[in-house]
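The points below are arranged by region.

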Amino acid sequence: MTRILGISGSLRRDSHNTSLLRAAAEAAGPDVELELYEGLKEIPPFDEDDDVHPRPPSVARLNEAIKRTDAVLFSTPEYNSSIPGQLKNAIDWVSRPVATNVLRNKPVAVVGASTGGFGAVWAQAELRKVLAALGARVLDIELPVPHAHTRFENGGLTDDEIRARLEETIESLADEVRERQEQKAAV
Ligand SMILES: Cc1cc2nc3c(=O)[nH]c(=O)nc-3n(C[C@H](O)[C@H](O)[C@H](O)COP(=O)(O)O)c2cc1C
């Protein structure tokens, strides 16, 4: 069983990005368990003075959840052509200490939904850049969901092409996890 943690960059109750992750969880095959992370809003603003042990409980929880999972699937909105502040803030917390941060060598993929015509491509690109800088194994995929408000009904995905792309993304993540496990076993 491959465990994937889904992290939505939106805190909004009816978020299209959170709906996209729910659709991904439904699209996942029987060998994959995709669990959504629910605690991003509680993460305090990063302050290096507070980056001491024990860390704030909300930060410790996120760190532990990433540590325990095999892979992470991020779904990010685009705010002013970039990553939402709270998502970046959370990543800044878990990026420390940088040499042993929990995202290092972790297979990750990024998808994104926006109500605009480009599907959060800039935010996805920036998020991939940040994750790569932390040493994550960032899948070279992009899954833009433009005009997101037209693709969900009562939170359910109505676009079969996007569902198929989500399935592919999850399979690629699971393949990356297997490859990594095989490499580790060979050492
Ligand atoms: C502060 C803010 C900035 C935004 N900037 C962009 C943007 O640069 N590009 C874009 O396509 N949509 C932008 N949007 C619209 C979002 O794509 C839209 O609100 C989307 O539904 C957010 O994702 P969510 O449904 O997961 O909350 C912005 C929305 C907000 C609130």
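Predicted model: local features only at pLDDT ≥ 70, side-chain atom pairs only at ≥ 80, totals over all residues.

1. Contact is taken here as heavy atoms within 4.5 Å. By that criterion Thr-169 touches Leu-73, Ala-109, Val-111, Leu-139, Ile-141 and Leu-143, residues up to four places away in sequence not being counted.

2. Residues are numbered from 1 along each chain as its sequence is written, and side-chain values use heavy atoms, with hydrogens and water left out.

3. Thr-169 belongs to helix α5 (residues 160-186); helices are DSSP runs of H or I of at least four residues, strands are E runs of at least two, and both are numbered from the N terminus. Thr-169 counts as buried because its relative accessibility is 3%. Buried means under 20% relative accessible area, exposed over 50%, and partly exposed in between, with a 1.4 Å probe and protein chains only. The side chain of Thr-169 also reaches the backbone oxygen of Arg-165, at 2.7 Å.

4. Helix α1 (residues 16-27) has twelve residues, which at 1.5 Å a residue should span 16 Å; the end C-alpha atoms are 16 Å apart, so the two values agree. The expected span is 1.5 Å times one less than the number of residues. Nine of the twelve residues of α1 are buried, among them His-16, Asn-17, Leu-20 and Ala-27. At the start of α1, a side-chain oxygen of Ser-15 comes within 3.0 Å of the backbone nitrogen of Asn-17.

5. Which residues come nearest to the ligand? Of the 13 around it, they are Ser-10, Arg-12, Ser-15, Asn-17 and Ser-81, a residue being near if one of its heavy atoms lies within 4 Å. The shell divides into two nonpolar, nine polar and two charged residues.

6. Oxygen atoms of the ligand lie 2.7 Å from a side-chain N or O atom of Arg-12, 2.9 Å from a backbone N or O atom of His-16 and 2.8 Å from a polar side-chain atom of Asn-17. The protein covers 70% of the 610 Å² of accessible area that the ligand has on its own, as computed by the Shrake-Rupley method with a 1.4 Å probe.

7. Glu-48 is located in the loop between β2 (32-36) and α2 (57-68). Its relative accessibility is 56%, and Glu-48 therefore counts as exposed. Glu-48 and Asn-63 are 15 residues apart in sequence and 16 Å apart in space, C-alpha to C-alpha.

Conventions
Polar contact = N/O pair within 3.5 Å; in protein donor to acceptor, adjacent residues only side chain to side chain. Nonpolar A, V, L, I, M, F, W, Y, C, P; charged D, E, K, R; others polar.
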